[in-house]
Amino acid sequence: MQPRNMSMSGVVDLAAVKAAQEAKAKAEQARAEAARQGGGTVPGVSQSSLVIDVDEAGFEREVLQRSTEVPVVIDFWAEWCEPCKQLSPLLEGLAREYNGRFVLAKIDVDANQMLMQQFGVQGIPAVFAVVAGQALPLFQGAAPVEQIRQTLDQLIQVGEERFGLTGLVVDPDAEGGAQQEAPVAEVPAGPHDALLEAAVQALDAGDLAGAVQAYRNVLNDDPANTEAKLGLAQAELLQRVQGLDAQQVRKDAADRPSDVAAQIAAADLDLVGGHVEDAFGRLIEAVRRTAGDDRDAARVRLLELLEVVGSDDPRVTAARTQLARVLF
């Protein structure tokens, strides 16, 4: 069972853009209701529901769906793993300490081999996160608590800034682990909400040209709109690879390593297929071995693909460093 609406290794996930919009709307509703009640508490979850055991059957509901509301940290562990016996209680304590800013999902690898393989877990303990349907590796092995806190703080910041995830409201009087829905309040629509929704609807309908235009319409009025910039970069990428003969593109790139156009087309396919580092490396090599217009074309395409993946991804940081070394 491949988890649905999920990027396991950087594959372009347009569903996450839609999930981000829905998550932002939900968070705004909760804040508006709290303000309407004069700062009162929005009905929330119990502390016991911040740490959950997850198996393959419940993965989509407990992790993927939940990740559109709050970052989900995954602890891959096993009974025989001695380091796990140190790390797991530490993560459980941090989940309670952070009080709803993230949820901890514990996965026993012995009972859930398929999930272990899908995440590419090489050894345990291994800790991943899922944010708005997208998987992120955090760290492997035991780690000092302060280092873990720094990692969690960065994860929460990414969830807030990129996807509008403000976490769950924890009710100390709540019974059981069932999550309660926040009351729906009327929230004024943002100036570009209709255009962003039109872009998502176009993507759902397979109308890539319509999605591209809708995102451009937002950026014409608000050039700094992060959601529109991400959506436009992803929609343009999918538009470029639509109708390509993948086998022929890869053959051309292999046969003509000095052909920048062939390398650019292959890099687009690499990224859409989830081969992020291959895409970046191919274009960095093209920049290194060319000059003039060819070099500039490879550089510009690399910057566009970096935008698709997002600046919070460590592979983007590494690629920018490598590009700088090649250029200077």
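Residues are numbered from 1 along each chain as its sequence is written, and side-chain values rest on heavy atoms, with hydrogens and water left out. Because the model is predicted, local features require pLDDT of at least 70 and side-chain atom pairs count only at pLDDT 80 or more, whereas totals for chains, interfaces and linings use all residues.

Five strands form an open sheet with mixed pairing, in the order S1-S3-S2-S4-S5. Strands (E, at least two residues) and helices (H or I, at least four) are DSSP runs numbered from the N terminus, and two strands pair if DSSP finds at least two bridges between them. Strand S1 (51-53) and strand S5 (134-140) are the edge strands, each pairing on one side only. From one strand to the next, the twist averages 25 degrees. S2 and S4 run antiparallel and are joined by five bridges; valine 72 has valine 130 in S4 as its bridge partner. Helix H5 (residues 145-163) packs on the sheet and touches S2, S4 and S5, and its direction makes about 165 degrees with that of S5. Contact here means heavy atoms within 4.5 Å; axes are lines fitted to C-alpha atoms, for helices over the stretch in contact, and angles run from 0 to 180 degrees between N-to-C directions.

In soluble globular proteins, nonpolar side chains tend to be buried together. A nonpolar core is a set of buried Ala, Val, Leu, Ile, Met, Phe, Trp, Tyr and Cys residues joined through side-chain atoms within 4.5 Å, where buried means under 20% relative accessible area, exposed over 50% and partly exposed in between (1.4 Å probe, protein chains only). The largest nonpolar core has 28 residues, and among those touching the most other members are Phe59, Phe76 and Phe119. S2 gives the largest share of this core, four residues. Apart from it lies another core of 27 residues, including Val249 and Leu306.

Five aromatic pairs are present in the structure. Rings of Phe, Tyr and Trp (its six-membered ring) pair if their centres lie within 6.5 Å; planes under 30 degrees apart count as stacked, over 60 as edge-to-face and the rest as tilted. The ring centres of phenylalanine 76 and phenylalanine 128 are 5.8 Å apart and the planes stand at 85 degrees, so this pair is edge-to-face. The two residues, in strands S2 and S4, are 52 residues apart. Phenylalanine 76 is buried, at 0% relative accessibility, and phenylalanine 128 is buried at 11%. Phe59, Phe76, Phe119 and Phe128 form one aromatic cluster.
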